[in-house]
Amino acid sequence: MGTFKIEGGHKLKGSIQPQGAKNEALQILCAVLLTPEKVTINNIPDIIDVNKLINLLKKLGVKVEKLSKGTYTFQADEVNLEYLESDQFKIDGRGLRGSIMIVGPLLARFGKGYIPKPGGDKIGRRRLDTHFEGLIKLGAKFGYSREEQFYGVEAEKLKGTYMLLEEASVTGTANIVMAAVLAEGQTTIYNAACEPYLQQLCKMLNRMGAKISGVGSNMLIIDGVGQLGGTEHRMLPDMIEIGSWIGLAAMTKSELTITNVSWNDLGLIPNIFRKLGIRIEKQGDDIHIPAHTDGYEIQSFIDGSILTISDAPWPGFTPDLLSIILVVATQARGSVLIHQKMFESRLFFVDKLIDMGAKIILCDPHRATVIGHDFKSTLKATTMTSPDIRAGVSLLIAALSAKGTSTIMNIEQIDRGYENIDERLRAIGARIERV
């Protein structure tokens, strides 16, 4: 199990470029299964979760060629469907949450899709009902082995239909869209997720010959086509990483420039950080964070009541950044209530921040009140374990701002979502060592 040793309390300076978006990559890579033609994808992040999915595609028979850093070609012209029923697939598929999104493309193109119950972050329950209910409405027959925890869907021919999703699941919407593009007739998906990464998937599919309208809204209308062709696609920068670097700059009182952020796809992220008092300057397509030498002050609501920051489906604030917001608030002037609505275990890392001296009241599994120190009392170094990707980076940011040398164990969790994070942080002055 890897470990980071972090000497905190040092100001950082320079520029950092966000990696390609992890959550987009997991969707886009699954979509290559929809065509026998070659698909070229640019800006793929070199992280554990994405590399696991690429290896899974290889075992399925997809021809994968790395052209350069972040650029690959994929060709699914000889897919090995027997692998789907092998014991090895049951092991490989469990190791990655995003593997669930191979089911829709396989079902649409080959008439069957299987997946073991996926793993991923231990952040609370993440139901798969939306995925399979949508596929069933398209005409698939569903099967589940409780003993093996193995799911399967089969259909001779999918047929378009109308469906109203119970939840605007991003991966669920992606799976249903990828199945519907090859279904017979028209499919309408209402209460569809509309995150930028889902929009990217739809735009890519349309370039491949799909007919999807309503992209960017919560109602997608898909007219099925007989086949899809190849294309080239470039992934967006990772908005979660962008938010992480904003928080890092504020907590360490550092002047940082985050380059090529695709401002138009950041939604509420800049404004939510501004509500914490963080100054964010737009410079072309870059974000510049000046050094907050005098700290930053949390806004109150208009009536003077304590600010509440909560997550919601897009265009609401992404749940993946609430842990960063919480850490940044520990050194703000003022107080804030963090309300994590979507996952019931994602705030369970706050005990580690409390050990470092943060003033946090964990109200219940979904809510925490943070009373900021205003930098009058720095966080103290400690030894801790990363529980999941986002909490791990939040703890890393806390450690970089803390007094003394901290140790973070189980850093494989961080590597699942952030590319060469220690090297990139050292390039802007961080004192971090991988041991």
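**Exercise 1.** State in which loop arginine 97 is located, and which record annotation covers Arg97.

*Solution.* Step 1: arginine 97 lies in the loop that runs between helix H3 (87–92) and helix H4 (103–110); helices (H or I, at least four residues) and strands (E, at least two) are DSSP runs, numbered from the N terminus. Step 2: the unreviewed UniProt entry gives the annotation "binding site" to Arg97, Asp320 and Met342; such annotations may be inferred rather than shown by experiment, and their positions follow the numbering used here, with feature names shortened. Step 3: aspartate 320 belongs to the loop between strand E17 (307–310) and helix H10 (322–329).

The model is predicted: local features need pLDDT of at least 70, side-chain atom pairs count only at pLDDT 80 or more, and totals for chains, interfaces and linings use all residues. Residues are numbered from 1 along each chain as its sequence is written, and side-chain values use heavy atoms, with hydrogens and water left out.

**Exercise 2.** Describe the peptide bond between tryptophan 314 and proline 315.

*Solution.* Step 1: the bond is cis, with omega about 15°. Step 2: proline 315 is placed in the loop between E17 and H10.

**Exercise 3.** Determine the extent of the interface between domain 1 and domain 2.

*Solution.* Step 1: the domain assignment, automatic or from a database, gives domain 1 (3–19 + 237–434) and domain 2 (22–234). Step 2: 22 residues from domain 1 and 22 residues from domain 2 take part in the contact (heavy atoms within 4.5 Å). Step 3: about 2,000 Å² is buried between domain 1 and domain 2, and carbon and sulfur atoms give 49% of this area; buried area is the accessible area (1.4 Å probe) that two parts lose on being put together, summed over both. Step 4: within domain 1, Trp314, Arg416 and Glu419 lose the most area to domain 2, together 33% of what that side buries.

**Exercise 4.** How many salt bridges are counted between domain 1 and domain 2, and which residue does arginine 416 meet in a salt bridge?

*Solution.* Step 1: a salt bridge requires a side-chain nitrogen of Lys or Arg within 4 Å of a carboxyl oxygen of Asp or Glu. Step 2: the count between the domains is two. Step 3: the side chain of arginine 416 meets that of aspartate 49 at 2.9 Å, N to O.
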